[in-house]
Amino acid sequence: MEGAAVSLPEDIIFDVLSRLPVKPPVPVPVRVQGVARPHLRSRCKDEHKLELRVMDMDGSVLRVFKDVVTTLLLPTRLDLVCVYGIRGGATIIDPASGRVSTVGKHNPNTPIRYWDYSFGRETPSGAYKLLRIQETFNDDHGQLCEIATIGDSGAEPTWRQRPAPPFVTDWYEGRKATVIGTLYFMPHTSSGRRESGNSWNRIAAFDLKSEEWTDTINGPPMGRCKEGESWTIALAEFKATLNMVQMVRTPAYEDGHGLCTNIWALIDSKKSIWIKQYTIEIPRNLFLHRVLDVLSDGRILLLNSFWKQEKNVFSHRSALRYIIQFYNPSTKAVTDIMEMAEEFGVTMSFYTGSLLS
């Protein structure tokens, strides 16, 4: 990855601007320090603080928000950014004005196991709403569901109780998505394991306008894992459409082969009709972590990782580093865009607002 180009080609800039003519999107990488994840090394005494950076695709840092006391970044495409902690409140950040507000602070008298937040805009009004799903300590692992409209004052909003989801939803940010006024969730067991049957391959949908759960969507016809395979399933929004990303690992994966990723697009939510639009085959020296975007010309923006040899006076070691790349499905070629900083915390979002004063 040495000598990789970091500037974004003009045709890509044009493609992004053509889809968002007023407010060009800016990726929001997050540098997390002290979070209890195996691949991160702490440089901060407080294990609950992170630094959020708003960057353009050239790697220039446009805004920095320090000491954000939450750990999970929601993968949205909005002009506000939301991060939260599974045992605390949610922090809403406006990169343009610099305003930061925390809502939904935990009441210690409430017996809650964890809190899961999702963030989106109601259509057509554009009102921002925050959905909070709480798992209780009850033996049946029930969930409580509340929603609030987020205003400009930064004050604690009024939470309205809503029906529980049709099944226990997963709190992992990769298994939920926000698409044009609807929040989507996968079940808590959604890894695609052979022993789990097909109950994991379904999606709960919450409409932000009616504030009701709509009909459950069946997932794409992926079948079941073959012997020795393992799947990783994620939800994402590409081109204003809900997509399911299916990463398939075969026994040959340990030798640098046997990894492919399928992208399924939801065509008809009422009939649960999906089509497999892309299959990604990554070179053996790279590891795919997340599909970030699909451009109008078919190129796919990826967050990959690789082992980088680092030499100093005392030792030679390999460090896992992250890089943003374009993938061309026609040629299977990978083009470097930007290598992330060593402290990068693996989570990203897209900021669609304007930072121009």
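Let's start with the second largest pocket, which has a volume of about 840 Å³. It is lined by 40 residues, and the closest to its centre are Tyr-172, His-289, Arg-290, Val-291 and Val-346. A pocket here is an open set of points on a 1 Å grid over the protein atoms alone, where a 1.4 Å probe fits, with protein on both sides within 12 Å along at least five of seven lines; lining residues have an atom within 4 Å of a point. The volume is the space filled by probe spheres set on the points, which are joined across faces, edges and corners.

A word on the source. This is a predicted model, where local features need pLDDT of at least 70, side-chain atom pairs count only at pLDDT 80 or more, and totals for chains, interfaces and linings use all residues. Residues are numbered from 1 along each chain as its sequence is written, and side-chain values use heavy atoms, with hydrogens and water left out.

Back to the lining. Which strand gives the largest share? That is β18, with seven residues. Strands are DSSP runs (E, at least two residues), numbered from the N terminus. Among the others supplying at least two residues each are β22 (287-294) and β26 (344-351).

Next, Ile-275. Its strand is β21, residues 273-281. Ile-275 is partly exposed, at 38% relative accessible area.

Last, Leu-73. It sits in strand β4, residues 72-73. Buried or exposed? Leu-73 is buried, at 2% relative accessible area. From Leu-73 to Gly-85 is 12 residues in sequence and 9.1 Å in space, C-alpha to C-alpha.

Methods. Helices (H or I, at least four residues) and strands (E, at least two) are DSSP runs, numbered from the N terminus. Buried means under 20% relative accessible area, exposed over 50%, partly exposed in between (1.4 Å probe, protein chains only).
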